[in-house]
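Dear colleague,

I am handing over the structure below, and I would be grateful if you could look through it alongside the notes that follow.

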Amino acid sequence: MDIQLHTDEQLMVAIAQGCMAEFGELVTRHQEKVFFLALRTLGQWDIAEDISQEAFLRVYHAANSYHPHAKFTTWLYRIVVNLCLDQKRKTKRAYTAISEQTEQLESNTEGDPANILQVKENKQVVWKAMEKLSKRERIVVVLHRFHGLSHAEVADTTGWSLSAVESLMVRSYRKLREELKKFGDFEK
Amino acid sequence: MEHLSDIKMLDMLGGHIEANERERYLSHIENCADCRKHWHDLRQVWGVLGALENDICSIDLIPAVTTGINHRRSNFFLYARKLSKIAASILLAAFIGYGAGRISMSKSPEKLSLVVAETSYLVCLAPGSSTGLAESE
């Protein structure tokens, strides 16, 4: 069977037996999500890249002891979240850096240059608003808004209590609203 | 119906609420000014955050991760080699010490008996004595 049709859990079984092709498929499948989770949490490109690599190395080395109790992505994202939390960096400085360097990220917007410029400006506004959140608040928002997890799934992924996630989520969206209000247009 | 919580609204925005429940919530929002205002605000935040949704990056982690795996493998062997060298040195030192002790003891049996006597005397340590040793009565 084509390895692209394998589930993540099937790939993990093959990786435990030393199959590198399956590992390559797993990395290809999840690298972008993992990278964006780290980038949006820490706001620094090179650190996000290091964390993504480290996360996949941990997946590889833990393949033998992996038991699919939960979804593979829950386990994978938890590795990334823990690595991000361990990262002792001045996130504010890092975020300023990324909000000024959004050209590193391409957008799949086409055509009208005015539209492209608008998208770029909007992105900077969002990065600047995200800058104001704590690391935990950002993790919650990123998992919920960009990784499509419900608040219960966010709690599963992070290992934090449901009530903690709920209050983090409410607080961070309120903060974001206040921050975004400062950049006009929002109230229209 | 009570006001909708932020969490319910956020899960609704994320598409995590079942269709019939969603309908019920939406009809409440329609009729409740407070919830309607709140829902409008959250939808706006949700929409603005969407600016990052279209980000794409042509990142390829496979070469770096593969290098990392090989590097750790070679590091492991390097570490294992170092560890085995240390273990071998300790074993060799212990063996030489033991051999040398045996030889020197076999050469002078009276020295051996003196060491045995001293050791058995030292075993009877008395905490109250000035020397720390048991004093003969």
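In this predicted model, 26 residues of chain B are in contact with 36 residues of chain A, where contact means that the C-beta atoms of two residues, placed from the backbone, lie within 7 Å. The elements of chain B that give two or more residues to this side are helix H1 (6-13), helix H3 (33-49), strand E1 (55-56) and helix H4 (62-107), and the largest share, six residues, comes from H3(B). Sorted by class, the side of chain B that touches chain A holds 16 nonpolar, five polar and five charged residues (nonpolar being Ala, Val, Leu, Ile, Met, Phe, Trp, Tyr, Cys and Pro, charged being Asp, Glu, Lys and Arg, and polar the others, Gly among them).

Chain B as a whole has five helices and one strand, in the order α-α-α-β-α-α from the N terminus; helices (H or I, at least four residues) and strands (E, at least two) are DSSP runs, numbered from the N terminus. Of its 137 residues, 9% are buried, that is, with 20 or more other C-beta atoms, placed from the backbone, within 10 Å of their own.

In chain A, the buried residues of H6(A) include Lys123(A), Val126(A) and Trp127(A).

Residues are numbered from 1 along each chain as its sequence is written, with chains lettered from A and ligands numbered from 1 in the order in which they are written. Local features need pLDDT of at least 70 and side-chain atom pairs count only at pLDDT 80 or more, while totals for chains, interfaces and linings use all residues.

With best regards

Technical notes: Buried ≥ 20, exposed ≤ 12 C-beta atoms within 10 Å, placed from the backbone.
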